[in-house]
Amino acid sequence: FNTHIQTVDLSENPLDKAGLKAVADFLSLNNSVQKLVLRGVGLTDEGWDVLVRNGFERNKAVVRLDVANNLLGDESIDHIEHLILSKPALAHIDLSWNMLSKDACEKIMNAGLERSKPRTARSAKAGRVQKQLPKIILVAEHSTQRHEMIHHKGLSAITDWKTSKTRWMSTAEFISMDVVLRDRKLSEEIRLRLIRMFAAGKYLQPLMVSQLLQVFFHQAGEAVRKKAVDYLLQKLGRPEDVVVVAHELRP
């Protein structure tokens, strides 16, 4: 492997189990990569297990890990905690916009605090040592991870959230969402929940709305499709777009 590579970014590329195994094998043999970015690759709990067991167990070099915009759920918590506690070099981990519950977020934050507690070193001369407090990003839907952001960052986080301006979703963000939604195991209800999560505070382009509905809700049940249509029409930034898209989508 190339020992001079410091950043690996595979964002918006769908990675199945075989693809993640290849990434894990690379990590296990490489100690030059300091930044690993896997945003919107469709990473699930099963894939995370492969990545941690086969890759991070031997890797001591990664400082920044970005796995935002994926499908990590509470089944990944044990591995996330282990990673935070056992890898002192890991200073930044982005887990935002995943499927983590409030309890899971609390465990992750507690693991970060636990790692930073001062401990007595083996050497008497070294005295008390303290590992770096990792920066853990856990911003997501308001009912779960946003609660943790507010709890740990203080009341200013509430103000920041309410006063932040709505912006247009970028192409890269849309590709991340599209990759994640293509997981065949997802129900239409879960897909709609993910779209709500990814599109929070953003406007969508008309083509984005059409693609989401045609690809993911074309054969959905009437109730779910209606929810999806109504929600996505609200996310269009221009009134004229709402009229055009509504005309295309309504039966």
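His 4 lies in the segment before strand 1. Strands (E, at least two residues) and helices (H or I, at least four) are DSSP runs, numbered from the N terminus. With a relative accessible area of 70%, His 4 is exposed. Exposed means over 50% relative accessible area, buried under 20%, and partly exposed in between (1.4 Å probe, protein chains only). His 4 and Asn 31 are 27 residues apart along the chain, and their C-alpha atoms are separated by 9.4 Å.

The model is predicted; local features need pLDDT of at least 70, side-chain atom pairs count only at pLDDT 80 or more, and totals for chains, interfaces and linings use all residues. Residues are numbered from 1 along each chain as its sequence is written, and side-chain values use heavy atoms, with hydrogens and water left out.

Ser 170 is placed in the loop between strand 8 (167–168) and helix 7 (171–181). Its relative accessibility is 30%, so Ser 170 counts as partly exposed.

Most residues other than glycine have a negative phi. Glu 12 is not a glycine, yet has a positive phi of about 65 degrees. Glu 12 sits in the loop between strand 1 (7–9) and helix 1. At 22% relative accessibility, Glu 12 counts as partly exposed. Trp 97 also has a positive phi, near 60 degrees. The loop between strand 4 and helix 4 holds Trp 97. Trp 97 counts as buried because its relative accessibility is 14%.

Ser 96 lies in the loop between strand 4 (92–94) and helix 4 (102–115). Ser 96 has 5% relative accessibility and therefore counts as buried. Its side chain is joined to that of Asp 94 by a polar contact of 2.6 Å. A polar contact is a pair of N or O atoms within 3.5 Å; within protein, one must be able to donate a hydrogen and the other to accept it, and residues adjacent in sequence count only if both atoms are side-chain atoms.

The largest nonpolar core has 35 residues. Trp 48, Leu 65, Leu 95 and Ile 108 have the most contacts inside this core. Helix 1, helix 2, helix 3 (77–86) and helix 4 each supply at least two of its residues. A second, separate core of 32 residues includes Leu 213, Phe 216, Tyr 231 and Leu 236. A nonpolar core is a set of buried Ala, Val, Leu, Ile, Met, Phe, Trp, Tyr and Cys residues joined through side-chain atoms within 4.5 Å.

Tyr 231 is also among the buried residues of helix 10. Helix 10 (residues 222–234) has 13 residues and should span 18 Å at 1.5 Å a residue; its end C-alpha atoms are 18 Å apart, which agrees. The expected span is 1.5 Å times one less than the number of residues.

The largest pocket is lined by 23 residues. Gly 42, Thr 44, Leu 71, Asp 183 and Lys 185 lie nearest its centre. Helix 1 (17–29), helix 2 (45–56) and helix 8 (188–198) each supply at least two lining residues. Helix 2 gives the largest share, 3 residues. A pocket is an open set of points on a 1 Å grid over the protein atoms alone, where a 1.4 Å probe fits, with protein on both sides within 12 Å along at least five of seven lines; lining residues have an atom within 4 Å of a point.
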